[in-house]
Amino acid sequence: MTDFLIEQALPGGEADALLDAAFGPERRLKASYRLREGAEVADGLSFVARETGSGRLAGVVSFWPLRISGDGRQALLLGPLAVHPDFQRNGLGGRLLRHGVEAAREKGHRLVFLVGDAPYYGRFGFLQVPEGRVLMPGPYDPRRLLYLELVPGAFDGAGGLLLPEHRWRA
Ligand SMILES: CC(C)(COP(=O)(O)OP(=O)(O)OC[C@H]1O[C@@H](n2cnc3c(N)ncnc32)[C@H](O)[C@@H]1OP(=O)(O)O)[C@@H](O)C(=O)NCCC(=O)NCCS
């Protein structure tokens, strides 16, 4: 059975080829890319998975710092999460997701957003943002904007526009 080792690694480089293979090159047009443009990944929250033995890159996940414009509360943007087509359906996507979410929780983060398929992310506890309550610079399908509370109640009262942390300070 294929096994994987998850380790910290900065995004970019070899991970880009994997993302093109998983999502296609048009991935760069997605709204979530606008939230990551010019941003630095959240401290210690970028991971790769390698096939043990071969060392081949099999999956990636990273998290990016956000603010919600309403009250300036901090959150994370999860993504991209991807598993190379050669390694999909081995449970690796779920392992990477849980690994990243636990690392984020340990670092004291409270709230995570992502744009993705609710049927996949729902199994990990992600919920649809009630339409219009939290927005992101578009275009995107609002039904795909999902959140996960790392601390119960972290989404209570949240409202406004998601902004990259570096634009909030500016
Ligand atoms: C989505 C992705 C990260 C899952 O990685 P993975 O390692 O194959 O995932 P896991 O092995 O943990 O889980 C596989 C299960 O998720 C399901 N699944 C995969 N993508 C799904 C999706 N978009 N919607 C619903 N279910 C999905 C599979 O059918 C499988 O179900 P099963 O366990 O009942 O057989 C990976 O398929 C990927 O990178 N895909 C390309 C990008 C993409 O389509 N992303 C969609 C979410 S934004």
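Reader: Let's start with a helix. Which residues of α3 are buried?

Author: This is a predicted model. In it, the buried residues of α3 are Leu 92, Gly 93, Leu 96, Leu 97, Gly 100, Val 101 and Ala 104.

Reader: Where do they sit around the axis of α3?

Author: Looking down the axis of α3, the buried residues fall within an arc of 160°, so they line one face of the helix. An α-helix has 3.6 residues a turn, so residues three or four places apart point the same way.

Reader: And which exposed residues are on the face turned away from that buried side of α3?

Author: That face of α3 carries Arg 98, Glu 102 and Glu 106, which are exposed.

Reader: How far does α3 reach?

Author: From first C-alpha to last, α3 reaches 21 Å with its 15 residues. That is close to the 21 Å expected at 1.5 Å a residue. Just after α3 comes Gly 108, with a positive phi of about 95°.

Reader: Now the ligand. How many residues surround it?

Author: The ligand is surrounded by 16 residues. The closest are Gln 88, Gly 93, Gly 94, Gly 116 and Tyr 120.

Reader: Which element gives the most to that shell?

Author: α3 does, with three residues. Elements that each supply at least two residues are α1 (14-23), β5 (82-83), α3 (92-106) and α4 (118-121).

Reader: What classes of residue make up the shell around the ligand?

Author: Eight are nonpolar, six polar and two charged.

Reader: What does Glu 149 touch?

Author: Leaving out residues up to four places away in sequence, Glu 149 touches Leu 111, Ala 154 and Phe 155. Ser 54 is 95 residues from Glu 149 in sequence and 36 Å from it in space, C-alpha to C-alpha.

Reader: Last, the whole protein. How many helices and strands?

Author: There are five helices and ten strands. Buried residues make up 34% of the 170 residues.

Reader: What is the radius of gyration?

Author: The protein has 15 Å, which agrees with the value near 15 Å for a compact globule of 170 residues. Its C-alpha atoms fill a box of roughly 50 × 30 × 30 Å along the principal axes.

Notes:
Residues are numbered from 1 along each chain as its sequence is written. This is a predicted model: local features need pLDDT of at least 70, side-chain atom pairs count only at pLDDT 80 or more; totals for chains, interfaces and linings use all residues. A residue is near a molecule or strand if its C-beta atom, placed from the backbone, lies within 6 Å of it. Helices (H or I, at least four residues) and strands (E, at least two) are DSSP runs, numbered from the N terminus. Ala, Val, Leu, Ile, Met, Phe, Trp, Tyr, Cys and Pro count as nonpolar, Asp, Glu, Lys and Arg as charged, and the others, Gly among them, as polar. Two residues are in contact if their C-beta atoms, placed from the backbone, lie within 7 Å. The expected span of a helix is 1.5 Å times one less than its number of residues. A residue is buried if 20 or more other C-beta atoms lie within 10 Å of its own, exposed if 12 or fewer, and partly exposed in between; C-beta atoms are placed from the backbone. The arc is that of the directions from the helix axis to the C-beta atoms. The radius of gyration is taken over C-alpha atoms; the globule rule is 2.2 Å times the number of residues to the power 0.38.
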